[in-house]
Amino acid sequence: QGGQAQREIPFSQPGNLTKVFAVASGKGGVGKSSVTVNLAIAMAKQGLRVGVLDADVYGHSVPAMLGVADSRPTQVDDLIMPVPTASGVSVISIGMLKPRRDQVVAWRGPMLDRALVQMLSDVFWGDLDVLLLDLPPGTGDVAISLGQHLPGAEVVVVTTPQEAAAEVAERAGTMASMMHQRVVGVVENMSYLPCPHCTPAGPDHADHRIEIFGSGGGDRVAATLGQRFGYDVPVLGRVPIDISLREGGDVGKPIVESDPTAPAALELTSIADQL
Ligand code: ADP
């Protein structure tokens, strides 16, 4: 607090051209990290220079999903070099700041704030076109810190179709707006399971979708936030439940890379195109 000489955050400097997107959710387990890594890869495939900053204190699952679970950033003088991944994105995770992988990040607000600033300013990101931040779920310290340091970040809210998830997602979106960040859209994840018995879709069962988590969550969050903020908050896409999406994350090869023509991958790619 105060007094310490601190490097400036390049992304908040006037004239900085990097687009910063924070991916937020109300609760955990809705697929926020999966969406983040797949959007990152889809953008890298468009030829963009993409960085991912994993600030999810509870999950920090991004390195594993990108296949660099055991990698550590290297240090050059007082700069930290982000970890390169096979898919061409650079990544830094709050988990990489711990001495040991199995250690718990049990930090209070000021420590989290320092960690976030460090990942934004002491990491040599180079010239990025896009920086994606994977936020912890909810409206906690990291979201507040980010709002203070990067009010220009745009926020993507991830929810499932479920009522309970949508309600908390709205709060995460409202929080972003309180920090003067713009909510650019909502991703509804786990929207439906394409019926495996109707694939390829037969004439009687064309496009039969099993709505495991109900329906309407994405629309509800988008409508509520749009109304609250007075600007249009679109649903950017609806990502189906797909076993290969889960497997891709588990083995460090996200679906946009490993199975790019799967409907879930196409939907994620289309979301990336809109950002
Ligand atoms: P969060 O970051 O919100 O906690 P994760 O991205 O870690 O959520 O996802 C939680 C689990 O659900 C992971 O195992 C992930 O692979 C799986 N998952 C997420 N989205 C989907 C989907 N659309 N289809 C299948 N599995 C998914």
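Predicted model: local features only at pLDDT ≥ 70, side-chain atom pairs only at ≥ 80, totals over all residues.
Biologist: If axes are lines fitted to C-alpha atoms, for helices over the stretch in contact, with angles running from 0 to 180 degrees between N-to-C directions, at what angle do the axes of α1 and helix α9 cross?

Modeller: The axes of α1 and helix α9 (residues 263-274) cross at roughly 70° and come within 9 Å.

Biologist: OK, how many helices and strands does the protein have?

Modeller: There are nine helices and twelve strands in the protein, where helices (H or I, at least four residues) and strands (E, at least two) are DSSP runs, numbered from the N terminus.

Biologist: In what order do the eight strands of the open sheet come?

Modeller: The order is β5-β6-β2-β7-β1-β8-β9-β12, with mixed pairing, and two strands pair if DSSP finds at least two bridges between them. The edge strands, which each pair on one side only, are β5 (83-84) and β12 (235-239).

Biologist: Which way do β8 and β9 run, parallel or antiparallel?

Modeller: Strand β8 (residues 154-159) and strand β9 (residues 182-189) run parallel and are joined by six bridges; Val-156, for instance, has Gly-185 in β9 as its bridge partner.

Biologist: What does helix α1 touch on the sheet?

Modeller: Helix α1 (residues 32-45) packs on the sheet and touches β1 (19-25), β2 (50-54), β7 (130-134), β8 and β9, and its direction makes about 170° with that of β7. Helix α5 (residues 163-178) also packs on the sheet, where it touches β1, β8 and β9, and its direction makes about 170° with that of β8.

Biologist: Switching topic, how far apart are the axes of α3 and α4?

Modeller: Helix α3 (residues 109-121) and helix α4 (residues 141-149) have their axes 9 Å apart and pack at an angle of about 50°, which makes α3 oblique to α4. Among the residues making this contact are Leu-112, Leu-116 and Leu-120 of α3, together with Val-142, Leu-146 and His-149 of α4.

Methods: Residues numbered from 1 in each chain as written. Contact = placed C-beta atoms within 7 Å. Parallel < 35°, antiparallel > 145°, perpendicular 65-115°, else oblique.
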